[in-house]
Amino acid sequence: MGTLRVLLLLSFIPSPWVLCSTGKHFNQESTLRLEQQDVLPNREAYLDARRSKRVAAALWLGEDYDSSMVFLPADEPDNAPAGGDASELPTCLLCVCLTGSVYCEEVVPEMTAVPTLPKETAYLYARYNKIKKITNKDFADIVTLKRIDLTGNLISEIEEGAFSKLTLLEELNLAENQLVKLPMLPGKLTTFNANHNRLKTKGVKANAFKKLEKLINLFLGDNALEAVPVIPENVRIVHLQNNNITDISFETFCKGNNTYYIRPNLMEVRLDGNPVLLSKYPNSFTCLKSLPVGQYR
């Protein structure tokens, strides 16, 4: 399934004022490239399948449907009862299932919980629904998951341990939800996105990301964080724009007074839209290849 697009990264920033005026545009572009991944290798097959699902769901629920929409033979429900709700629909009737991938995007009727997934599901896309909570049971039996995208739901709670059995999970997207707290995250994550939530520092454990040795992309922009969390060594991109960060220290990105320490992997840091005045901390970025994007004057 779709692969992570290569990001074009800045390798040189001439001065803070240039960085402030140009960096924001560049980083927004890189975020779009990363988040808008091409996840549909066969778009026509997906659209045909989704069309048939909508018609099947309408019949299952006893609703009217457009007669110009045609079923795929395998999708027609047997003995479908009239007058049900989304929770009564089989997942692959409500959603589109294509060889290890499940697409449940903008589902009609409304989806308010994570659906029961087929065995061997590796990729779940359940964007822009009304899911409110993730429980320990939702993914307990689907240990094959590699990517979960729950962008644009109403998730305000994730039970501790909800992702604990997902030892193969590499990408987790929880952007545009209502989270105030993060659970323990799987150790093999390479990309974590929690942009546009309600996260405060008290809801993100100090070591929430510290043990994620494979983490490359960390997106925590547009929240209410008061401090920068511990960032693992392998991380290349950190987005913390539009939070409430007021202070940083020598230890935030570098290792205090160790002037020989460098972080060659960390290429892009966004701190724009925070109260912190970065020019007050010139010795806090000596280990970085480029200055963070943010306010310098």
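**Disulfides, cores and ring pairs: a short tour**

Hi everyone, let's begin with the cysteines: counting as a disulfide any pair of cysteine sulfur atoms within 2.5 Å, we get three disulfides. Before going on, please keep in mind that this is a predicted model, where local features need pLDDT of at least 70, side-chain atom pairs count only at pLDDT 80 or more, and totals for chains, interfaces and linings use all residues. Residues are numbered from 1 along each chain as its sequence is written, and side-chain values use heavy atoms, with hydrogens and water left out.

As a quick reminder, a disulfide is a covalent bond between the sulfur atoms of two cysteines. If you number the bonded cysteines of the chain in sequence order, the pairing reads 1-3, 2-4, 5-6.

Let's take the links one by one. Cys-92 is bonded to Cys-97, with the sulfur atoms 2.0 Å apart. This link of Cys-92 and Cys-97 is left-handed, at -95° about the S-S bond.

The link of Cys-254 and Cys-287 is left-handed, with -85° about the S-S bond. Cys-254 sits in the loop between helix H4 (250-253) and strand S11 (268-270), while Cys-287 is in the segment after S11, so the pair ties together parts that are 33 residues apart in sequence.

Now to a loop residue. Where is Thr-99 found? Thr-99 is in the loop between strand S1 (96-98) and strand S2 (101-103), and it is exposed, at 82% relative accessible area. Thr-99 and Tyr-123 are 24 residues apart in sequence, with 9.5 Å from C-alpha to C-alpha.

On to the interior. In soluble globular proteins, nonpolar side chains tend to be buried together. By a nonpolar core I mean a set of buried Ala, Val, Leu, Ile, Met, Phe, Trp, Tyr and Cys residues joined through side-chain atoms within 4.5 Å. The largest such core has 60 residues, and Ile-134, Phe-139, Ile-148, Phe-192, Phe-209 and Phe-253 touch the most other members. Taking contact as heavy atoms within 4.5 Å, and not counting residues up to four places away in sequence, Phe-139 touches a list of residues including Val-114, Leu-124, Ile-134, Ile-148 and Phe-163. There is also a second, separate core of five residues, which includes Val-96, Ala-122, Tyr-123 and Tyr-125.

Rings of Phe, Tyr and Trp (its six-membered ring) pair if their centres lie within 6.5 Å; planes under 30 degrees apart count as stacked, over 60 as edge-to-face and the rest as tilted. How many aromatic pairs does a search of the whole structure find? The search finds four. One of them is Tyr-103 with Tyr-125, which is stacked, at 5.1 Å centre to centre and 10° between the planes. That pair links distant parts of the chain, with Tyr-103 in strand S2 and Tyr-125 in strand S3 (residues 123-125), 22 residues apart. Tyr-103 is buried at 4% relative accessibility, and Tyr-125 is buried at 1%. Then there are Phe-253 and Phe-285, whose ring centres are 6.2 Å apart with the planes at 45°, so the pair is tilted. Phe-253 lies in helix H4 and Phe-285 in the segment after S11, so this pair ties together parts that are 32 residues apart in sequence.

Let me finish with Asn-173, which is in strand S7 (residues 171-173). Asn-173 is buried, with a relative accessible area of 14%.

Methods:
Helix = DSSP H or I, 4+ residues; strand = E, 2+ residues; numbered from the N terminus. Buried < 20%, exposed > 50% of the residue type's maximum accessible area, 1.4 Å probe, protein only.
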